[in-house]
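Subject: Structure handed over, with notes

Dear colleague,

I am passing on the structure below, and my notes on what was found in it follow directly after. Please read them with the coordinates open beside you.

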Amino acid sequence: MNAALQIPNRQARWLWLEAQGLAGTPAGPLDLPRLIHDLGMVQLDTIRVIARAHHHILWSRNQNYREPMLGKLLKARGIFEHFTHDASVLPMSFLPYWQRQFQRRAERIREAGWWKGMPDAAGRAEIKARIEREGPLSTHAFDTKVEGSKNMWQRPPHKLALDYMWYAGELATSHRENFAKFYDLGERVFPADLRQMEVAENAQIDWLCRAALARIGFGTPGEIQRFWDAMSAAEVKAWIAANRAGLVPVEIEGADRSVTKGWALPDIEARLARLEKPTSRLRILNPFDPVIRDRARLSRLFGFDYRVEMFVPAAKRRWGYYIYPLLEGDRFVGRIEARADRTSGVLVHDMTWVEPGVRWTPARQGKLDAELARIARLAGVEEIQGEPPLEG
């Protein structure tokens with residue numbers, strides 16, 4: 001085996017930010033299909049504090065992005081919705097390599113006990129027949145109810161059936177209205193040439209692993225697996241073993257100077273050679289941003305410990321319900337609590353926390369004020385209120 005390529009921490013951070021579209025200034029012409037392709041996927045989330053996660057993630061990479069653009073691309077069939085590590089949109093061109101994920105998700109559902117209330121095959125066929133007759137329908141078009149005691153996350157039978165067929169690829173998201181999903185037949189959403197293209201199982205796994213590595217730059221087997229969550233840990237390890245000769249072993253220095261072993265594609269040295277220092281602009285990132293999502297990788301590379309606390313009881317939260325990380329250049333310098341009140345047209349900035357070792361200068365505050373003004377435009381509000389205290 002060749003000696004492992006050493007990647008210093010600063011280079012590792014620069015490459016990760018470059019790979020995920022956060023190294024350059026978020027301006028210039030917007031090519032939304034290309035942006036989503038380069039990211040691989042964009043996570044969807046219903047919570048809207050300033051803006052919903054998917055809109056915020058795209059805006060962070062190009063601030064010419066506006067919220068209606070994603071829905072238009074979905075209707076134009078440039079993207080499709082499915083489940084990666086969470087509900088996401090993916091480029092439609094990825095569909096042939098996603099067939100196994102349709103199967104995996106359907107199998108997982110059939111094995112889960114809480115899906116036992118789902119209608120049988122005949123009941124699901126009736127739902128599909130209605131959609132075929134009437135066109136795309138949301139869950140609100142059906143009226144079945146949960147029987148007996150209602151537990152958290154429990155869904156009525158029609159919702160279980162709709163979601164099962166969506167996971168299996170029998171149904172697909174046609175469009176959304178006020179974020180409500182409208183289900184249509186898969187054959188009316190997925191282009192026939194892509195839907196009918198047959199890709200062998202091992203070729204799908206090969207594509208998924210290589211596409212993940214291309215988008216993270218370097219990674220451990222676990223990081224490769226977690227990127228899509230469309231293959232098992234065992235499948236990733238088997239892929240690495242079978243392709244070891246064509247991969248580059250790497251040793252990545254962490255923020256604490258520890259070293260982690262991983263893998264990269266053959267172009268890793270060329271990618272490292274053309275790296276440039278990231279923009280010094282301060283960015284307000286979404287809690288579900290791809291750079292934030294893998295908390296272990298985030299902590300290892302940047303020394304930034306972050307968790308989503310919206311499902312943590314209020315009394316046990318360290319920071320708050322929905323807290324935004326602050327990235328400046330290649331360093332996380334703090335986090336803020338802010339929210340958009342669209343009724344009054346105000347962005348309210350409640351609190352700023354400063355990371356240890358960061359000096360909060362007037363220049364840095366000016367950068368934050370400028371970014372707040374920019375994100376207010378994304379949210380469609382004009383005024384910014386609040387002079388929050390700083391906490392170190």
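To begin with the sheets, strand β2 is joined by 2 bridges to strand β4 (residues 87–91), and these two strands run antiparallel. Within that pairing, Val42 stands opposite Val89 in β4. Please keep in mind throughout that this is a predicted model. The pairing belongs to an open sheet of 3 strands in the order β2-β4-β3, with antiparallel pairing. At the edges of this sheet are β2 (42–43) and β3 (79–83), each of which pairs on one side only.

Another open sheet is also built from 3 strands, here in the order β5-β7-β6, and its pairing is antiparallel. Because β5 (137–138) and β6 (171–177) stand at the edges with a single partner strand each, one side of each is left without a neighbour in the sheet. Strand β5 is connected by 2 bridges to strand β7 (residues 180–185), the two running antiparallel, and Leu137 is placed opposite Tyr183 in β7. Packed on this sheet is helix α6 (residues 121–134), which touches β5, β6 and β7 and whose direction makes about 95° with that of β7.

Helix α6 also contains Ala121, which has a relative accessibility of 53% and therefore counts as exposed, the cut-off being over 50%. From C-alpha to C-alpha, Ala121 and Glu382 are 52 Å apart in space, with a separation of 261 residues in sequence.

Strand β8 (residues 248–253) pairs with strand β9 (residues 259–264) in the antiparallel sense, over 6 bridges. Among the residue pairs there, Val250 has Gly262 in β9 as its bridge partner, while Glu251 has Lys261 in β9. The two strands form a hairpin with 5 residues between them, and in the turn Arg257 has a positive phi of about 75°. Strand β8 pairs as well with strand β1 (residues 5–7), in this case in the parallel sense and over 3 bridges, and Ile7 of that pairing stands opposite Ile252 in β8.

Turning to the helices, α2 (residues 32–39) and α4 (residues 68–75) have axes that come within 11 Å and cross at roughly 85°, and α2 is therefore roughly perpendicular to α4. Their contact is made by Leu32, Pro33 and Ile36 on the α2 side and by Met69, Leu70 and Leu73 on the α4 side. Sorted by class, this contact has 6 nonpolar residues, with no polar and no charged ones.

What angle do helix α10 and helix α11 make where they pack? Helix α10 (residues 201–216) and helix α11 (residues 221–228) pack at about 100°, with their axes 9 Å apart, and the two are therefore roughly perpendicular to each other. On the α10 side the contact involves Trp207, Leu208, Cys209, Ala211, Ala212, Leu213, Arg215 and Ile216, which meet Glu223, Ile224, Phe227 and Trp228 in α11. By class, the contact of α10 with α11 has 10 nonpolar and 2 charged residues, and no polar ones.

Helix α16 (residues 362–379) has 18 residues and reaches 25 Å from its first C-alpha to its last, close to the 26 Å expected at 1.5 Å a residue. Its buried residues are Arg364, Leu368, Glu371, Leu372, Arg374, Ile375, Ala376, Leu378 and Ala379, and these pack against α3 (53–61), β10 (282–284), β11 (323–328), β12 (331–341), β13 (346–354) and β14 (383–385). Just after α16, Gly380 takes a positive phi of about 80°.

The buried residues in α3 are Ala53, His54, His55, His56, Ile57, Leu58, Trp59, Ser60 and Arg61.

Key: Residues numbered from 1 in each chain as written. Predicted model: local features only at pLDDT ≥ 70, side-chain atom pairs only at ≥ 80, totals over all residues. Heavy atoms only, no water. Axes fitted to C-alpha atoms, helices over the stretch in contact; angles between N-to-C directions. Helix = DSSP H or I, 4+ residues; strand = E, 2+ residues; numbered from the N terminus. Parallel < 35°, antiparallel > 145°, perpendicular 65-115°, else oblique. Contact = heavy atoms within 4.5 Å. Nonpolar A, V, L, I, M, F, W, Y, C, P; charged D, E, K, R; others polar. Pairing = 2+ DSSP bridges. Expected span 1.5 Å × (residues − 1). Buried < 20%, exposed > 50% of the residue type's maximum accessible area, 1.4 Å probe, protein only.
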